[in-house]
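Please keep the model in view while reading.

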Amino acid sequence: TYGLVSRHGAMPRCWSLDVFGPIARTALDCALLLEAIEGFDRNDPASYAPHRRVDSTQLGAALKGIRVGMPRNCFAPDSDPEVVRALDAALDVLREAGCAIVPVDLPDTQSIYALTQIVNKAEAAALHSEWLTAYGEEYGMPTRTRMEAGFYIPAPLYLWALTARPKILRGFVESVFTGADVVMLPLLEQEVPAIADVDMTESGDVPMIVDRITRNTRWVSYLGLPAIVAPCGFSRGRLPISFQLLGRPYSEQLLLDLVHRYEGLTAWHRCLPELDALPAS
């Protein structure tokens, strides 16, 4: 959740979107790390000092009756069937763990995504303006190009995107989390792209590919909601497929519980791709 972890000492991009969390092999490791880094830091005015949100010793609570929402409009028409099948299998595992799988309707996330882009570009341009002037050639071309676009966003449009956020967040939580405790989404709806696919010197489709990569994640940052990602398979090209669980504010413990239980019933978090089957580079 936005504000749970201090951002002090990290490279900033967008002060009202930046959220930092752990990356680890297991949900338990993530819980241990999050338990250690959560809480108030006077160096980050967006952080706060609530009672502790994560308790790693209580991980793995009974999940009977927990409602996992699967959006009816979850997948775009161009989604990879392999991803669809992998998420269906993950839902079956959570159902086996005692969860109830329920259909949910998400609001128009593309409209929220568009607002996120306004905030993302405007704040990135403001934060990095001096560095772009001094060290512009050291930025990757896709990153620099997206940041520089922020210089052309009118201030009223940026302020409108900021002031609309609390109302949109409240509406999202009330409409989605009334019927579900968490929502499952794919992390990526297609196979993980190759490095060359996001290199603007080699591919002209970079903006479209970046939009596809961030389709299910960027608007979550705008809302400031917590989410967790876990592996659930491999594609034919031996590339990872993952699902994302999205929760209401401050539901980190439940998200960790769900993935911890999922890991106890599967082995994807311990699997490596069959590297011998990959073509030589």
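## Strand pairing

Strands β1 (residues 67-71) and β3 run parallel, joined by two bridges. Strands here are DSSP E runs of at least two residues, numbered from the N terminus, and helices are H or I runs of at least four. Two strands pair if DSSP finds at least two bridges between them. V68 stands opposite V182 in β3. On β3 and β5 (residues 240-247), the run is antiparallel, with five bridges. M184 has L245 of β5 as its bridge partner.

This is a predicted model: local features need pLDDT of at least 70, side-chain atom pairs count only at pLDDT 80 or more, and totals for chains, interfaces and linings use all residues. Residues are numbered from 1 along each chain as its sequence is written, and side-chain values use heavy atoms, leaving out hydrogens and water.

## Burial and core

Five of the five residues of β3 (residues 182-186) are buried, meaning under 20% relative accessible area with a 1.4 Å probe, protein chains only. V182, M184 and P186 point one way; V183 and L185 point the other.

The largest nonpolar core has 66 residues. Such a core is a set of buried Ala, Val, Leu, Ile, Met, Phe, Trp, Tyr and Cys residues joined through side-chain atoms within 4.5 Å. Those with the most contacts inside it include F172, M184, W219 and L245. Helix α3 (residues 109-135) gives the largest share, eight residues. Beyond four places in sequence, F172 is in contact (heavy atoms within 4.5 Å) with residues including L106, I112, W219 and L246.

Technical notes:
Buried < 20%, exposed > 50% of the residue type's maximum accessible area, 1.4 Å probe, protein only.
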